[in-house]
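Let's take a friendly walk through a protein model together.

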Amino acid sequence: MSVQHINVLTDVFLITCIVQRGRAKAVLKAAQDAGAQGATIHYGHGHGVQEMLGILSVAINAEKEIVNILVPSDLCDMIFEKMSIAGHLDTPGMGMIYLTRIEKAATYIPQHILDAISASDAQKSDV
Amino acid sequence: MDKPQKIRYGKLIRHISLRQNIISFNDFAHRQLALRQQSRKKKRASLRGIDIYRLLAPYISSRFIAQIKVVLPLAVYLILFQTLVLNQIVSEPVKILLGLAAVVLGLMLFMEGLSKGLMPFGETIGHNLPAKVSLPTVLLVAFLLGIGVTFAEPAIGALQAAGSILKVENAPYLYTLLNDWSTTLVLIVGLGVGLAVVLGTLRLLYNWSLKYFIYGSLAPALGLTAWCMQDAELSKTLGLAWDCGAVTTGPVTVPLVLALGIGIASASGRGVSALSGFGIVTLASLFPIIGVLLLSLFVAASTTPEAIIAAAHAGMHSAASAIPWYAESPMQEVLAGLQAIVPLVVFLMIVLRVLLREKLPTPGIIAYGIILCVLGMIIFSIGLRYGLTALGAQAGSLLSAAFTAVEHVSESPIYPWSIGIGIALIFAFILGFGATVAEPALNALGNTVDTLTNGAFEKKVLIYAVAFGVACGIALGVLKIIFSLKLAYLLMPLYTLALLLTWLSTEEFVNVAWDSAGVTTGPITVPLVLAMGLGLGNAVDAIEGFGILSLASIGPILTVLLTGLWVQYKVHKKHRAMDQQVQGEAA
């Protein structure tokens, strides 16, 4: 009986960034320029800050876009910063970003990369 | 292979990236809580100037750019055409430029005000009214709202502006309709829209077919047109009547009326299908035609052309001597803006408070929206007068210089007659195509159609079909003005063809096709095309320059119906081929 293998990724962080509807593209571009790969965007409805801003709240769209990106731990700080700058998150009502540690993840990994990794692991163990 | 690395990549990144200022959320939350307890009443966040700037800059610029994208290409096209093809310098460029800027600014303010101030009313009323009062009351409110939105429609102002270009001797009935009877005219159009909302809502409620409504409203419209054609003076008002249908379905009417209609239909428990909401726009563009035709018959019965000409001349003399301060240009627009929006708001307010007994969720923001609406309307109509109408009229009158001699254009005709006519037609065609492709409402319609037909009728196909129809319609309209063709001879066969195609098509395509005509005629296209037609009409001494818009409405109806039939045929053929394949395999 053959054992089925799955490739489990570790050192994964999840960046979640909530921005106004229509702004996700800019944030995503910044993340990808900084080395992130794919992303998932979904829609949500924000609540809270508008009540505090009074008439200025007209400038804020309560409809939000939520960007989820899985990033390698080495890059997570860099991407986090680039995204928060691109999203203008230091402005009231613009949204927020947070980083979560992920225990493990699994997805498709190209065969040649798997080979390269196992080769370098073998080399490491030789040293 | 790689040597094992000594420096971790993450450490390198740490060094070159930003310095993070770390604050504990515990601290932040404690401080905020303490502050809030100190000043119970003041819940507002205090913002620095830079924060307000950062907050408002993208808010304003994105809305500004959205309007620029619509106005700028058209203006650039008109100006380039005028300078490069006709070799004429744009006269009064500063005034026109300022006018165009006012159009962009006004439209931006107006659209934002509409979504913040008026739409919440429409949605609240549409959702809650059917639950609280009986159906006849709901329909009465819908009817009155239809009248109210017509007065608030920015493109209606274009009609009045068009009236001022007209010469009274050429078409006395038309002149009096647009000048002395202008309020009645808008009221009649409003009645038509109101009736359309009522019947459209009933249609949604009882799932009636739109086809019968189209047959039922086109028959009297075509009949009255045939009747008016008999009279030489009356036939000149036909262009106005058929154009009114296109004017009504603008940026105020369509969303507000749809919000109400769909709200009523969904609250009554009928499921909201992809098709609900369609049809009201169609009816709102057909009924006003009948209304205006009847009004012109009434005017013709009550007064004679001679009396109108005499009165207009007398009026001109007295008007030239003393124009009251409130009828002068900027004040007139301010008053018109207030007149358009305030009654609508008061009406909506009364419905909300008296019938619904509900309070507005966010009165401050709604007030802000209404103020923006009024301001936007005022600025837009000032811009309309000095920018769009002036530019369109100029382009129209210069267009004639391409093929005939025009007194104030030296070296005219610029081109030999046949080439000149060709250039004029190509100009009109591209103008129509470009203006339609840029229309944002068409994009939304395209998405609906795409999902409705499971992708068989692609969005791109719809947009190009509509744009091609509008372009052909506008080119045909220019031909009509140049050769003084009788509009009735053009409209009657085209609408008869449309009826035939409607009879052949399925309900979905009928809905989409007839609505596409209303959707295409936005607040930029209508004044521009109207002014161009009138300018051209004056330059070639045509009797009147109306009718282009009506031809631009029938164009997309025909093209979309035809494309729909073609798509249907293709799908049918594909299904048959697949069936045969399946049968062959089974055998």
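The paragraphs below visit a sheet, some helices and the nonpolar cores. Keep in mind that this is a predicted model.

Let's begin in chain A, with its sheet. Four strands make up this open sheet, in the order 3-4-2-5, and their pairing is antiparallel. Which strands stand at the edges? They are strand 3 (40-45) and strand 5 (95-102) of chain A; each has a single partner strand, so one side of each is left without a neighbour in the sheet. On average, neighbouring strands here are turned by 20° against each other, direction ignored.

Now look at one pair in detail. Strand 3 of chain A is joined to strand 4 (residues 63-72) of chain A in the antiparallel sense, over six bridges. You can find one contact of this kind at His45(A), whose bridge partner in strand 4 of chain A is Glu63(A).

Helix 1 (residues 24-33) of chain A lies across strand 2 (12-20), strand 3 and strand 4 of chain A, and runs at about 10° to strand 4 of chain A. Helix 3 (residues 76-86) of chain A lies across strand 2, strand 4 and strand 5 of chain A, running at about 5° to strand 2 of chain A.

Helix 9 (residues 210-229) of chain B has 20 residues and reaches 28 Å from its first C-alpha to its last, close to the 28 Å expected. Its buried residues include Leu210(B), Phe213(B), Ile214(B) and Ser217(B). Helix 21 (residues 525-539) of chain B has 15 residues and reaches 21 Å, close to the 21 Å expected. Why is helix 21 of chain B described as largely enclosed by the rest of the structure? The reason is that 15 of its 15 residues are buried. Just after helix 21 of chain B, Asp541(B) takes a positive phi of about 60°.

In soluble globular proteins, nonpolar side chains tend to be buried together. The largest nonpolar core in this model has 171 residues, and Val197(B), Val292(B) and Ile474(B) are those with the most contacts inside it. Helix 15 (residues 363-399) of chain B gives the largest share of this core, 18 residues. Apart from this core lies another, of 20 residues, among them Ile18(A), Val27(A), Ala36(A) and Met94(A).

Terms used:
Residues numbered from 1 in each chain as written. Chains lettered and ligands numbered in written order. Predicted model: local features only at pLDDT ≥ 70, side-chain atom pairs only at ≥ 80, totals over all residues. Helix = DSSP H or I, 4+ residues; strand = E, 2+ residues; numbered from the N terminus. Expected span 1.5 Å × (residues − 1). Buried ≥ 20, exposed ≤ 12 C-beta atoms within 10 Å, placed from the backbone. Pairing = 2+ DSSP bridges. Axes fitted to C-alpha atoms, helices over the stretch in contact; angles between N-to-C directions. Contact = placed C-beta atoms within 7 Å. Core = buried A, V, L, I, M, F, W, Y, C linked by C-beta atoms within 7 Å.
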